[in-house]
Amino acid sequence: QMQLVESGGGLVQPGGSLRLSCAASGFTLDYYAYGWFRQAPGKEREGVSCISSSGLTTKYADSVKGRFTISRDNAKRTVYLHMNSLKPEDTAVYYCAAERTGYSSSVCPPLVPQEYDYWGQGTQVTVSS
């Protein structure tokens, strides 16, 4: 059974950092691109970042460029989202998602929820003083 499990969320002060992890099981990471999405209360789910199955292509939403970095470690079956210079507006539930794009592909699917077939349960990130 294919499963994604996020961890690493929590409460952090503005300007602080967090690293989110997404542990994958039940499928071979090399064939999948991964995305991070977030959803704040009362708002639609929005795409944050994606990384291709090769790891060579990454994309970021304008709101997080220069502050967030996505990475993957296929040996550990884990995808990461490193978040720096956090702002109160980054507060949301963060979700990991996966989409099969082929072995070592450079394709990074568009950062819209309907482009991804597999989802984790989410982890809460709260940025507040």
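Predicted model: local features only at pLDDT ≥ 70, side-chain atom pairs only at ≥ 80, totals over all residues.
Ser105 belongs to the loop between β9, residues 92-100, and β10, residues 118-119. Its side chain reaches the backbone nitrogen of Val107, at 3.0 Å. If we set aside the neighbours within four places in sequence, the contacts of Ser105 are with Ser52, Ser53 and Ser54.

Now stay in that loop between β9 and β10, where we also find Gln114. Is Gln114 buried or exposed? Gln114 counts as exposed, because its relative accessibility is 63% and the cut-off for exposed is over 50%. As for where Gln114 sits relative to Arg19, the two are 95 residues apart in sequence, and their C-alpha atoms are 25 Å apart in space.

Let me step back to the chain as a whole. The secondary structure comes to eleven strands and zero helices, so that what you see on the screen, read from the N terminus, is β-β-β-β-β-β-β-β-β-β-β. The radius of gyration is 14 Å, close to the 14 Å that the globule rule gives for 129 residues, and the chain is therefore as compact as a globular protein of that length. Taken along the principal axes, the C-alpha atoms fill a box of roughly 45 × 30 × 25 Å. Of the 129 residues in the chain, 43% are buried, and the accessible surface comes to about 6,400 Å², with 46% of that belonging to carbon and sulfur atoms. Among the contacts with a separation of 6 or more, 64% are between residues 24 or more positions apart.

Ser21 is buried, at a relative accessible area of 14%, and, not counting residues up to four places away in sequence, Ser21 touches Val5, Glu6, Ser7, Trp36, Thr78, Val79 and Tyr80. Ser21 and His82 are 61 residues apart along the chain, while their C-alpha atoms are separated by 8.8 Å.

Next, the aromatic side chains. How many aromatic pairs does the structure hold? There are four, and I will go through two of them. In the pair of Tyr32 and Tyr118, the ring centres are 6.1 Å apart and the planes stand at 75°, so this pair is edge-to-face. The pair links distant parts of the chain, since Tyr32 is in strand β4, residues 32-39, and Tyr118 is in strand β10, 86 residues apart. The two partners can be described separately: Tyr32 is buried, with a relative accessible area of 5%, whereas Tyr118, at 29% relative accessibility, counts as partly exposed.

The other pair I want to show is Phe37 with Tyr116, whose ring centres are 5.2 Å apart and whose planes are at 75°, so that this pair too is edge-to-face. Here again distant parts of the chain are linked, with Phe37 in strand β4 and Tyr116 in the loop between β9 and β10, 79 residues apart, and both Phe37 and Tyr116 are buried. Ring pairs also bring in Trp119, and together Phe37, Tyr116 and Trp119 form a cluster.

Trp119 leads us on to Arg45, for the charged end of Arg45 sits over the ring of Trp119, 5.0 Å from its centre. The charged end of Arg45 also sits over the ring of Tyr95, in this case 3.7 Å from the ring centre.

Finally, a word on the backbone. Most residues other than glycine have a negative phi. Against that background, which positive value does phi take in Arg77? For Arg77, phi is near 55°; this residue is in the loop between β7, residues 68-73, and β8, residues 78-83, and at 31% relative accessibility Arg77 counts as partly exposed. Ser85 likewise has a positive phi, of about 50°, although it is not a glycine. Ser85 lies in the loop between β8 and β9 and is partly exposed, with a relative accessible area of 41%.

Technical notes: Residues numbered from 1 in each chain as written. Heavy atoms only, no water. Helix = DSSP H or I, 4+ residues; strand = E, 2+ residues; numbered from the N terminus. Polar contact = N/O pair within 3.5 Å; in protein donor to acceptor, adjacent residues only side chain to side chain. Contact = heavy atoms within 4.5 Å. Buried < 20%, exposed > 50% of the residue type's maximum accessible area, 1.4 Å probe, protein only. Phe/Tyr/Trp six-rings, centres within 6.5 Å; stacked < 30°, edge-to-face > 60°. Lys NZ or Arg CZ within 6 Å of the ring centre and 35° of its normal. Rg over C-alpha atoms; globule rule 2.2 N^0.38 Å. Areas by Shrake-Rupley, 256 points an atom, 1.4 Å probe, with all protein chains shown as cover.
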